Amino acid sequence: MDLQFGEEYETLRAEVRAFCAATWPLRGDEPRLDEREQSIAWRKRALAAGFLHRTVPRAYGGAGAALDVLAETVIRQELDRAGVPHRGVVQGPQMLVPTLLECGSDEQRRRYIEPTLTGELVWCQGYSEPGAGSDLASLQSRAELVGDHWVLSGQKIWTSQADQADMMFGLFRTEPDAPKHAGISYLLIPMDTPGIDVRPLTMMQGGQDFCEVFFDGARIPAENIVGRRGEGWKVSRSTLRHERMLIGDSAIVRITFDALVELARGVRRDGRPAIAHPLVRQRLAEIAGYLATQEWSVARMLTAIHQEREAQVASEVLMAKLLSTNVQQMIAKLALELIPDSGLREPGAGDATMGIGDYTPGRWVSQYMYSLAFAIAGGASNVQRNIIGELVLGLPRDRRPRDAGAPRAG
Amino acid sequence: MNFALSEEQELLQSTVRDFVAKECPPQRVHAVFDGRTEAVPALWKGLAEIGVPGLVVPESHGGAGLELLELALVAEELGRGAVPVPFLGHGLAALALARGGSPAQQETWLPRLASGAARATVALAEDGGRWLPQEWSAELASGRVRGRKQLVPEAEGAALFVVGCRGGELALVEPGPGVRVIPELTLDRGRPLAALELDGARAELLAAADAARLVDAGCVLLAADAFGTAHQLVRATTAYLQARQQFGQPLAQFQALKHQLANMALEIDPTRGLWWYAAHAFDRIPAEAARAAALAKAHVTDRAQQVARDAVEAHGGIGFTWESDVHLWFKRAMFDRLWLGAPELHRERFAALEGW
């Protein structure tokens, strides 16, 4: 056991730090660019330097580096520290790109990956439907091959950033007569195609982050399929796995917890800073126990992946998302206890947008609600409990009445 | 960065695990709970053959020269089997001597402690929940100690006590005039406790010892033991719910119970790294050691206790009986949570160390 990264990685750390200092904030005329253009300009430099999406092959805009989770960790720590726009929109770089690398054609990889990594091409994920949530494979949106085009019909929902995306990667039923999971294909859809109607949904805390997307005869080229017809379910699995890893990222939770501690220092209770109050200290320390649990579990996973002994941490990988969700909710709940009056006021428009930034009282009120989204998106918490029960503890699978062909006896 | 066990550490742990599985099935723990303690010396002797009593004793004194992490890995396995051996007090006493004893004290005691020929323990707590060194009041003066210690583990038969005294000093006391061991009725019968009355007993200062670090080491061992205990309880409960049928199907088929088991596993399984880190910090990162130990003790033992409560509930009526295995682990978890102080004490300690 040795928690030092060692000389090789500390050299890398110094390089990343110097790179960030030299490239962010932007210089010359560039600070006049809007936020998105600034992000793109910086990301292009970071990709060229090999500090972003470095395992993506050179031919597709990455650095062609071998997977080294320790290097990834050191780099991410430094990028977080420098506050550079390295996280940005997640769907494309974190979910579509790994899928294309595993299942896409060379033409698709060449065309889509690089602009996706730079942020020039923004993606949304078209999976959920009004009738297909946790039971995603029951989805009904259709794609029919007519000549050399897919003709799309149906509806997607809970589609984050659909109103800002250039493209969607989505699941559509292309083989209506095939069994449930075998009738689905994975398609790439330009969002400006006629016949697509995007309607933003207002979230409970007031912001607009996700949308409904309606398809009414939208036509996309037949070549916009990843993998073969009817293999879309299999293709999509790698994407979901990446989404789970993403939500399990403990750095974001640490940032939120640090903000909570600052909040406790700043507000008063019984005439003294809340952080001096025994009850607040107990609750902070209890959350700190969960957070440290998550962080050291991540460290175990990183080591195991680095040593190619993933089996040793398989159970913790399956628990990472639910653990992270629970910690985020504890943090948000305690925050509201510290600023109870704010919970009676509606957050301002700026507070409803999530992302890393200043934690104002309104922002915490939003977080109190938004933290519930972690328990829903990317595999609901009760589905996670099923996965832990079945894959970690070896419990029997749920009986699925429809799959079994007969309703369950009472 | 390498946050994993070495091959040697994995081998040590699997050796102890295999020994426990073979030599200490639950019936043996039940026997101890029913007052038949004949098997305990043989279990301790078997562990001595593996080198457990001398794990942290330097090789020059006949030990294995290992550190707290290795001791904690053994604790996990002993928790898993609820093994009724005098490991905790002995391990801590050996650690105190190995790190803080004079050459003469080490020469006198360590070889015997390492071989298992003699047993030692620690006397830390005083009445009123005074577990921490700054709270101790036993008076050490002119080679004599006066005071009353309590909740001393495995005191009967111990050849040496490491006694916590005023000002956080530690002293060596042997059974003899002025030393009275008064057994206390102990909930976890696998680890019996006693009060220790010291009325002018001969005592020798353990000059270089650090009592606060000794408490931290104890915190880590309890966290590791609690982890093993709760990890085992989750698996035992899982097996029971798969075997027990109601409404014509295994109970494990019911989603309510499946989710309860998943929540239990989620509470305990990911905490392995938390106590690993606390042990590693104790061994290699002294500036972090107290904070990590306090957090690990508070968190892991608290989670383990809740897992144990859930395990009883999931077992139903049988889980509430003396004949069930569940209460063996339940009481082990209670001991781990409360010995050296309840989680509240260590959360406050953590908060203070964080500068909150």
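**View 1. The largest nonpolar core of the predicted model**. This core comprises 172 residues, and the members with the most contacts inside it are B:Val163, B:Val220, B:Trp275 and B:Ala278. Among the contributing elements, helix H7 of chain B, spanning residues 211-243, gives the most to the core, with 17 residues.

**View 2. The surroundings of B:Trp275**. When neighbours within four places in sequence are left aside, B:Trp275 is in contact with B:Ala72, with B:Val220, B:Ala223, B:Ala224 and B:Phe227, and with B:Ala296 and B:Val300. Both B:Trp275 and its partner B:Val220 are listed with the residues that have the most contacts inside the core of 172 residues.

**View 3. A second, separate nonpolar core**. This core holds 54 residues, including A:Val84, A:Cys103, A:Ala143 and A:Ile220.

**View 4. Domains 2 and 3 of chain B**. The domain assignment divides chain B into domain 1 (7-115), domain 2 (120-205) and domain 3 (211-354). The C-alpha centres of domain 2 and domain 3 of chain B are separated by 28 Å, and 12 residues of domain 2 are in contact with 11 residues of domain 3. On the side of domain 2 of chain B that touches domain 3, the residues fall into 6 nonpolar, 4 polar and 2 charged.

**View 5. Domains 1 and 3 of chain A**. In chain A the assignment gives domain 1 (7-88), domain 2 (123-230) and domain 3 (248-401). Between the centres of domain 1 and domain 3 of chain A, taken over C-alpha atoms, lie 27 Å, while 5 residues of domain 1 are in contact with 4 residues of domain 3. The touching side of domain 1 of chain A consists of 2 nonpolar, 1 polar and 2 charged residues.

Terms used. Residues numbered from 1 in each chain as written. Chains lettered and ligands numbered in written order. Predicted model: local features only at pLDDT ≥ 70, side-chain atom pairs only at ≥ 80, totals over all residues. Domains from an automatic or database assignment. Contact = placed C-beta atoms within 7 Å. Nonpolar A, V, L, I, M, F, W, Y, C, P; charged D, E, K, R; others polar. Core = buried A, V, L, I, M, F, W, Y, C linked by C-beta atoms within 7 Å. Buried ≥ 20, exposed ≤ 12 C-beta atoms within 10 Å, placed from the backbone. Helix = DSSP H or I, 4+ residues; strand = E, 2+ residues; numbered from the N terminus.
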